[in-house]
Amino acid sequence: MSYQSTHIQIMDMTFSKDVSIAEFEQWLAEVENFLHHQQNFALVMQSLDGTTFPEEYRQVQAAWYKK
């Protein structure tokens, strides 16, 4: 038998109300920090009812994924 235990960070993100581009970019930067440091993490993300995102957030997110 072999056994491995890995400790991970849990990133719990909750978006609410009117999310700005700056807030969205901050979220991406926090995720990128985990990736840059090759840290194991789990991302739990939710948007509360009534949350709105700026029109251009999809372009920002797409550019981040491509990078």
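F15, F24, W27, F53 and Y57 form one aromatic cluster. The model is a predicted one, in which local features need pLDDT of at least 70 and side-chain atom pairs count only at pLDDT 80 or more, while totals for chains, interfaces and linings use all residues. Residues are numbered from 1 along each chain as its sequence is written, and side-chain values use heavy atoms, with hydrogens and water left out.

**Aromatic pairs**

- Across the whole structure, a search finds 9 aromatic pairs; rings of Phe, Tyr and Trp (its six-membered ring) pair if their centres lie within 6.5 Å, and planes under 30 degrees apart count as stacked, over 60 as edge-to-face and the rest as tilted.
- One of these pairs joins F15 and F53 in an edge-to-face arrangement, with 5.2 Å centre to centre and 70 degrees between the planes.
- F15 lies in strand β1 and F53 in the loop between β2 and α2, so this pair ties together parts that are 38 residues apart in sequence; helices (H or I, at least four residues) and strands (E, at least two) are DSSP runs, numbered from the N terminus.
- F15 is buried, with a relative accessible area of 7%, whereas F53 counts as partly exposed at 27% relative accessibility; buried means under 20% relative accessible area, exposed over 50% and partly exposed in between (1.4 Å probe, protein chains only).
- The rings of F34 and F41 have their centres 4.9 Å apart and their planes at 20 degrees, so that pair is stacked.
- F34 counts as buried at 15% relative accessibility, and F41 counts as partly exposed at 25%.

**Surroundings of T51**

- T51 lies in the loop between β2 (41-47) and α2 (57-66), and its relative accessibility of 17% makes it count as buried.
- A polar atom of the T51 side chain lies 2.6 Å from the backbone oxygen of L48.
- A polar atom of the T51 side chain also lies 3.2 Å from the backbone oxygen of F15; a polar contact is a pair of N or O atoms within 3.5 Å, where within protein one must be able to donate a hydrogen and the other to accept it, and residues adjacent in sequence count only if both atoms are side-chain atoms.
- Leaving aside neighbours within four places in sequence, T51 is in contact (heavy atoms within 4.5 Å) with F15, S16, K17 and V19.

- Q61 lies in helix α2 and counts as buried at 17% relative accessibility.
- Leaving aside neighbours within four places in sequence, Q61 is in contact with F24, W27 and L28.
- S20 lies in the loop between β1 and α1 and counts as partly exposed at 30% relative accessibility.
- S20 and Y57 are 37 residues apart in sequence, and their C-alpha atoms are 8.6 Å apart in space.

**Salt bridge**

- The structure holds 1 salt bridge, a term for a side-chain nitrogen of Lys or Arg within 4 Å of a carboxyl oxygen of Asp or Glu.
- The side chains of E32 and K67 meet in this salt bridge, at 3.3 Å from N to O.
- E32 lies in helix α1 (residues 21-36) and K67 in the segment after α2, so the pair ties together parts that are 35 residues apart in sequence.
- E32 counts as partly exposed at 30% relative accessibility, whereas K67 counts as exposed at 71%.

**Backbone with positive phi**

- Most residues other than glycine have a negative phi.
- K17, although not a glycine, has a positive phi of about 60 degrees; K17 lies in the loop between β1 and α1 and is exposed, with a relative accessible area of 67%.
- Q38, although not a glycine, has a positive phi of about 50 degrees; Q38 is found in the loop between α1 and β2 and is exposed, with a relative accessible area of 73%.

**Nonpolar surface patch**

- I8, I10 and V44 form a nonpolar patch on the surface, with about 290 Å² of accessible area together.
- Patches are made of residues with over 30% relative accessible area and no salt bridge, with like charges joined within 9 Å and nonpolar side chains (Val, Leu, Ile, Met, Phe, Trp, Tyr) within 5 Å.
- Accessible areas come from the Shrake-Rupley method with a 1.4 Å probe, and for residues only the protein chains shown count as cover.
- I10 is found in strand β1 (residues 9-15) and counts as exposed at 63% relative accessibility.
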